[in-house]
Amino acid sequence: MDIKTEAFTKSLWVFHAACSPCNNCDIEILDCLTPRHDVERFGIVLVGSVRHADVLLVTGVPNFKTKETLKKLYSQVPKPCLVIAVGSCACGRVMFRDSYNSPCSVDEIVPVDAYIPGCPPKPEAMIAGIVKLIVKARSKK
Amino acid sequence: MSHKIVVPIGPYHPLQEEPEYFRLYVEGEKVVDIDIVIGYMHRGVEKLSESKHFDQVAFLVERICGICSNSHPFAYCLAIEDLGKIEVPPRANFIRTIIAELERIHSHLLWLGLAGHFIGYNTVWMWAWRYREPVLDCFEMITGNRNHYAMMKIGGVRRDIEDKDIPALRKILDELCPAVDMFKGAIMDDPVIQARLVKVGVLTKQETIDWCVVGPTARASGVDIDVRRDEPYGAYGLVKFNIPAAKDGDIFSKTVIRIKELYESISIIRQCLDIMPKGEFDADVKQIPPGEGIGRVEAPRGECFHYVKSDGTNRPVRHKIRAPSYVNVASNKVACVGGTISDAAITLAAVDPCYCCTERTAVVDRVSDKKILNGFDLVKLSQEKTEYLKKKVI
């Protein structure tokens, strides 16, 4: 593992991009930061600007308005970056698949590195997902 | 020199069922006007509902909002039961009431925490969310999921509350009471919180009526409306509870009302557990007749309204949903104007709409379209004001 990967995978800064979700994944993401789970112990913090982020957390089914925003956000993340699709909606659009306002799924807009399914995924599942992602990023040549 | 700039807040936000985008027009520090644009989180739920059969719609409307994820299916089931004149077994009514009140506790704690975060008291945030965890454990124990409980079903509930779970539920409520006491003291007696919230974002009684505001936001301005008392549904007609009210209409009153409602909710759940009868919890509905029905539920944020029309097939012909924030958000038009930018974050949050949107705020110069402040700066500005007041007050 080179120094760049090591620096990148330590203390991940997360930008949370909500693309028309139902809020539930979002409150569970915030829940990860609060005392019971407290991922800030590992240097994982939510940042206010996408330009400071290492990871883009995407929730929800993009609609016509948020689709453009997500594209724009991804173009602004400093590369290399990781993209995580949180929740069943972001992973596969589930029951909003037939909606007239749901043009495509998240992975058709941005390349997704990890999928965390669940409606909503428990905070433990999100932490497990991030751990797997870090392991994957570190094992990459 | 007056320098008019625009503060766009939004555009998409994660913490609420209605999407909105605020454009604040400011002169110096003062907010002079506000525009509200919605549509960013539009997923076509009403139309999707017409393509699903009646049982599936209960799951669909649950996904309108993650925080009110019981109120929407509750209102939908009431609408169908009104349509088909379906009698719900008494035990199911009690279970529905318990879930609805647990949801109110979790939602109000969530709001208190985020309100604390916005005025720079992260301690309040961490406290509130720490005490919210046992409530989510309750949900997990009773319904099997922390959020999106999937308890509501046309004609009853999906799962029973088992006798072995009730002592644990009572224990969690007993432990929550001292936490809320501590919280009440910490918020109501704190001079800095008072300095930040008293007489900020005031909504007078007349404005509340004019803008059709509902829920705790209306009750804080002296408009005494609550569907639970005015048109009892579920088991609310069988339990005793007070509706906390205030007159001032500022953010402090809204906070106090929400804290008082926590006590009322705890008391309602205890009464329900005491008098809950044994027996069936599902009416086993086979056919939905043609007709139309409405369902009204007092969600944590106010009245949630569902209208369903059926033509005798297994799908609704029309499903209309009006969630409480739809009207509450519009009242920001009067609550925000006249205040300062540093108060805008908490004023917009006071009706319990969404928080993450304010974190994505950017102040844009109207002439050059250049970004001056982003959401982070806005929250920082708000937090700095608290720091400043802290030094001044103490």
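This is a predicted model: local features need pLDDT of at least 70, side-chain atom pairs count only at pLDDT 80 or more; totals for chains, interfaces and linings use all residues.
Figure 1. A235(B) itself lies in the loop between helix 10 (227-230) and helix 11 (251-275) of chain B. I98(B) is 137 residues from A235(B) in sequence, yet the two C-alpha atoms are 9.0 Å apart in space. Is A235(B) buried or exposed? The residue has 23 other C-beta atoms within 10 Å, and because the cut-off for a buried residue is 20 or more, A235(B) counts as buried.

**Figure 2. The open sheet of chain A.** Five strands are shown, with parallel pairing and the order 2-1-3-4-5. Strand 2 (45-46) and strand 5 (114-116) of chain A stand at the edges. Each of these two strands has a single partner strand, so one side of each is left without a neighbour in the sheet. Strands of a sheet pair through backbone hydrogen bonds, in either a parallel or an antiparallel manner.

**Figure 3. Pairing of strand 1 with strand 3 in chain A.** Strand 1 (residues 13-18) and strand 3 (residues 55-59) of chain A run parallel and are joined by 5 bridges. Within this pairing, A17(A) stands opposite V58(A), a residue of strand 3 of chain A.

**Figure 4. The contact between chain A and chain B.** Chain A contributes 31 residues to the contact and chain B contributes 34 residues. On the side of chain A that touches chain B, the elements giving two or more residues are helix 2 (24-33) and helix 3 (64-76) of chain A. Helix 2 of chain A gives the most to this side, with 4 residues. By class, the side of chain A that touches chain B comprises 12 nonpolar, 13 polar and 6 charged residues. For the complex, the predictor gives an ipTM of 0.89 and a pTM of 0.87.

**Figure 5. Segments of chain B with pLDDT under 50.** The mean pLDDT of chain B is 81, and 85% of its residues reach 70 or more. Where in chain B does pLDDT stay under 50? One such segment covers residues 12-19 of chain B, for which the model has 47 contacts beyond four places in sequence. Another covers residues 354-372 of chain B, with 55 contacts beyond four places in sequence in the model.

Technical notes: Residues are numbered from 1 along each chain as its sequence is written. Chains are lettered from A and ligands numbered from 1 in the order in which they are written. Two residues are in contact if their C-beta atoms, placed from the backbone, lie within 7 Å. Ala, Val, Leu, Ile, Met, Phe, Trp, Tyr, Cys and Pro count as nonpolar, Asp, Glu, Lys and Arg as charged, and the others, Gly among them, as polar. Two strands pair if DSSP finds at least two bridges between them. pLDDT is the predictor's confidence in each residue, from 0 to 100. A residue is buried if 20 or more other C-beta atoms lie within 10 Å of its own, exposed if 12 or fewer, and partly exposed in between; C-beta atoms are placed from the backbone.
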